[in-house]
Amino acid sequence: MSLPRSSAIPRSALTTMAASRRSVLRGLALSGLAVGSANALAACGGDSGGPATGEGATVKFGINEASGSGPAYDRLKAIADAYAEESGTEVALNAVDHNTFQESINTYLQGTPDDVFTWFAGFRMAQFAENGLITDLSDQWPIDGLNDSFKQAATAPDGKQYFVPISYYPWAVFYRKSVFEKNGWAPPETNDDLMALMDDMQGKGVTPFAFGDKDGWPAMGTFDILNMRLNGFDFHMSLMAGEEAWDGDEVKLVFDTWRQLLPYHQADPLGRTWQEAATAMGKGECGMYLLGTFVVDALGENGEDLDFFTFPQLDSSIPADSLDAPIDGFCVAAAGQNQDAGKAMAKWLGSAAAADAGNNAADAPFIAANSGASTSTYSDLQKKSAEVVGAAANIAQFMDRDTNADFANTVMIPSIQEFLKNPDDIDGVTASIQEQAASIFG
Amino acid sequence: MAHIDEAPRATKPGEEAVAPPQGREKKLPGRDRFTVVTMVTIPLLLVVALVWVPALLSVVLSFGKWNGFGDLDTIEWVGFQNYRDIVTIYPAFWPAIQHNLIWLAFLFFLPTLFGMFLAVLLDREMRGSRIYQTAFYMPVVLSLALIGFIWQLFYSRDQGLINDIFGSQVDWYGDPDINLWAVLVATAWRHTGYIMLIYLAGLKGVDASLREAAAVDGASEVKTFFHVIFPVMRPINMIVIVIVVIESLRAFDLVWVVNKGRNGLELIGALVAQNVVGEATRYGFGSALAVIMMLISSVFITVYLRNVFREERRG
């Protein structure tokens, strides 16, 4: 439900207010609209006569951004238009509000879906593949300019590709350049550096880490990075897949480390949205904030006074070369009426031309997955993001994309919140997670 | 109704003296019978198809484990496991039951009684009563989702109005010991106006001569209300009670807007939604929760219906 926004990259100057308005819409969508819009999603059935692609053909394109919702919509619209112009295929755009799209995706795919639709890499793609809801795209791969790590992210457990990536965004520790400069602080390289930096911040009356978890999902990012740093990427992924015990020593170590870091975080995170936490960092009340690059949305800037570093190494035997960098892209619906057109379009969507078309049309560019895409519109922050992700050895997709979504939402969100309320009862929290995990995965 | 009334009139005058048998034992002419049967059958079919069939299917689903992908034959039947999990290892369940009960008691004792009090005041035709009436009723027009948003502006810990004015640091929506009460205040803001309007409508319908008679007999205002008006208002009182019970059982939207019914705001309705709304879903588990909610509601409904029928028999 609440996901790290796929439209990660700047939605121009979205303020905290506007973002809370979105959560109202989310509520509205639920109390009634959800039913209606599930129908709206499926309402676009139609003819499929004529040629599959090219002149006279139509491909239906479902996107998870409502018309006029900002740069994310503008980019997708421009991409659709560019494809229509280049291939001659008519593109029928079906633009649906972000949360509504996510919440009705199941009904959508099993009804009469569009041929191509926006989606995410990771477990959430894999589970559709396993259930035969999306089309095997392995005959479209490799795609020029998409390297092996993206191919890996597009691959389901059966070894075939079902996904075409277009963009991504990293999770890292953000800070104000001006604040760091004024105080003579530098990004920490090691755990000791980090501890020294945090102590110095506290000495100067600055809360080291901004922190908000009212929506439940932002704190997952903290869990992810601590788990990757303390137990390694492979353990993290198999834990997400339900193959490791949640009440084992490894997970307890993560929570225990987190417990020791909590005094350096903003108090009362459960009543604070990530936008409010970002504002606190923006105003200099807090020194740093661990979040995705969409943090710029709440700050109304695109990296002029914002920089980031990846979370430092915590265990000397585990290199600090993994991070969360959720990938957005496209799938072809198995129940779509025009499979050939869908596949052809999906392949094109992975190209540098598609990424450029999107980035040239919107105020705020995304970070393209394709290595051939132009970076001329990128801000420094985005250029650095691309470098950091390019240099990472392992890329995770974020907890609610790497594991069973219902486990993430119904078990992990309340459990992490319980931990934040009651950080001393680690045994109780981990035991409860394990019991529920056994029931869901078992 | 007219037909049934006509029926006895058709009998001979002599028979009228005999106490007429109970209505349903009377023989109806064929056409009337047809009308009655149709009028009963159509609503019955609708109720069965739209209420009972889905309800029974939920009961069936609650014994399975299904994430909504694939056909019905992919449902894995697990017996009572969902129910067992809910009462044993699902940490949100017992708090949710408790919160629903608190919700009911709170709604009943504060906003409902206050709304009735306001109605009585406004009924006295004081100056500007229209303005007050509108002001108190205004929140009812807003959806609870919008109300959640409006109150967020008051309650936000860092940027909210309340903490700003008082210089406090209370985490109104985030602290699980406080947030339920914060949300209840927001609910009360709306509920009061709702009850006020219903009660006011009832008061306007009370025969003015009753008041006059009471006044002539020298009863005070307060006495008149409790001994004359209140008893006459019995049907409205009943409706108010039912509304309060229904409102507290279906309480959902507000907590959903605040934090999706987690962290101190667990309610049964929100738990059902958490489990069945979304891209990957636990239909079985969510259905089991819904069944539990249905059982709780039926207790209230049964009590209410028994009460109503007893009333009618007495009347």
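**Notebook: salt bridges, a loop contact and a patch**

I began with B:Arg211 and B:Asp123, whose side chains meet in a salt bridge at 3.0 Å, N to O (a side-chain nitrogen of Lys or Arg within 4 Å of a carboxyl oxygen of Asp or Glu). The pair links distant parts of the chain, 88 residues apart: B:Arg211 is in helix H10 (residues 208-216) of chain B, and B:Asp123 is in the loop between helix H5 (93-122) and helix H6 (129-141). Helices here are DSSP runs of H or I with at least four residues, numbered from the N terminus. B:Asp123 is buried at 13% relative accessible area, while B:Arg211 is partly exposed at 32%. My cut-offs: buried is under 20%, exposed over 50%, partly exposed in between, with a 1.4 Å probe and protein chains only.

Residues are numbered from 1 along each chain as its sequence is written, chains are lettered from A and ligands numbered from 1 in the order written, and side-chain values use heavy atoms, with hydrogens and water left out.

Next I checked confidence, as pLDDT (the predictor's confidence in each residue, from 0 to 100). Chain A averages 84, with 87% of the residues at 70 or above. Over residues 1-49 of chain A it stays under 50. Where pLDDT is low, the predicted coordinates should not be read in detail.

In one of them, A:Lys343 meets A:Asp139 at 3.2 Å, N to O. A:Lys343 sits in helix H14 (residues 339-349) and A:Asp139 in a loop between helices H5 and H6 of chain A, so the pair ties together parts 204 residues apart in sequence. I also found a network of salt bridges linking A:Asp268, A:Arg272, B:Arg157 and B:Asp158.

Then I looked at B:Asn263, in the loop between helix H13 (253-259) and helix H14 (268-276) of chain B. B:Asn263 counts as buried because its relative accessibility is 3%. Leaving aside neighbours within four places in sequence, its contacts (heavy atoms within 4.5 Å) include A:Leu270, A:Gln417 and A:Lys421.

Last, I looked at residues 34-57 of chain B, one of the spans UniProt's unreviewed entry lists as "transmembrane region". That span is 100% helix, with its end C-alpha atoms 32 Å apart. B:Leu44, in helix H3 (residues 30-61), is partly exposed at 48%.

Notes:
This is a predicted model: local features need pLDDT of at least 70, side-chain atom pairs count only at pLDDT 80 or more; totals for chains, interfaces and linings use all residues. UniProt positions are given in the numbering used here, feature names are shortened, and annotations may be inferred rather than shown by experiment. Helices (H or I, at least four residues) and strands (E, at least two) are DSSP runs, numbered from the N terminus.
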